[in-house]
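Biologist: I am new to this structure and would like to understand its aromatic rings. Could you take me through them step by step?

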Amino acid sequence: MGSQLLGAHRPAVGGLQNAVYSAKEIGCTSVQVFTSSPQMWKSSPVTAEKVALFKKSVAETGIDPLAVVCHDSYLINLCAPEPEMREKSIQGLKDEMMRCALYGISWTVSHMGSHKGEGEEVGLKVVAESALRVLDETPDSVTILMETTAGQGSALNYRFEHLARILELTGAPDRLCVCLDTCHIFAGGYDIRDDASYAKTFEEFGRLIGFDRLKAIHCNDSKNPLGKRVDRHEAIGQGTIGERAFQLLVNDPRFERTPILLETAIENEGHERDLARLKSYIA
């Protein structure tokens, strides 16, 4: 059957509801949004009117509410060495999840943290402690999706073992799951360019983490080579990953009902072209 939930991260100019409407207009069946600026700590209040407009847009477009995903602020670092920054990050993620709860969004994607020279094991332990606190102090309706990263700088979660370690340290609560980014895992050293490498990488993911934890996929080609640990997205089939990985992805029966979301360039109808390309790959 192929992927039923192909979408993109759409801009919310003029209101969060407009991201949903614009997603529907270009043929998306899933959508990712920012509920506030990803480059700022402060956000505007979530009013009853904003919530009503957003929920109306989801209902009118027919997009499955479980195919609506939020991405948190890029400023958040749950293992920041500085206590003040770590506390600010914990509060920032809590605030994001509270906004999601009000809007009725079930998933909050987060890069989680960078150890800033403290070491990966130390960073993972602090991320786990911070994540447990966030989960304890936020509504049960919202789940954290730990995003795989490219490993740029001191970013954690560029290895599947990192995600598995956080799950081990936290006791694997139901509300702690994963968002996989194709560009990021490729930059982190996981090859997916042909049938054999794709199968090997996802076998490892299933063994270490489990597909029941995979709730969203960021679908991006890469400007940089395998294992470069640099996060630079490219249009689908136009980068160093190439078309075959995405042909396999959208036809993988394990991901039929998993939101597969473009984070490629939106300019010059980029999302429209990439979405059409993904749809053309479905057998």
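Biologist: How many aromatic pairs does the count come to?

Modeller: The model is predicted, so to speak of local features a pLDDT of at least 70 is needed, side-chain atom pairs count only at pLDDT 80 or more, and totals for chains, interfaces and linings use all residues. Residues are numbered from 1 along each chain as its sequence is written, and side-chain values use heavy atoms, leaving out hydrogens and water. Rings of Phe, Tyr and Trp (its six-membered ring) pair if their centres lie within 6.5 Å, and planes under 30 degrees apart count as stacked, over 60 as edge-to-face and the rest as tilted. By this rule the count comes to eight aromatic pairs.

Biologist: Are the rings of Y198 and F202 stacked, edge-to-face or tilted?

Modeller: The ring centres of Y198 and F202 are 4.6 Å apart. Their planes stand at 45 degrees, so the pair is tilted.

Biologist: In which helix do Y198 and F202 both lie?

Modeller: Helices are DSSP runs (H or I, at least four residues), and strands likewise (E, at least two), numbered from the N terminus. Y198 and F202 are four residues apart, about one turn of the helix, and both lie in α7 (residues 195-208).

Biologist: Is F255 buried, partly exposed or exposed?

Modeller: Buried means under 20% relative accessible area, exposed over 50%, and partly exposed in between (1.4 Å probe, protein chains only). F211 is partly exposed at 27%, whereas F255, with 2% relative accessibility, counts as buried.
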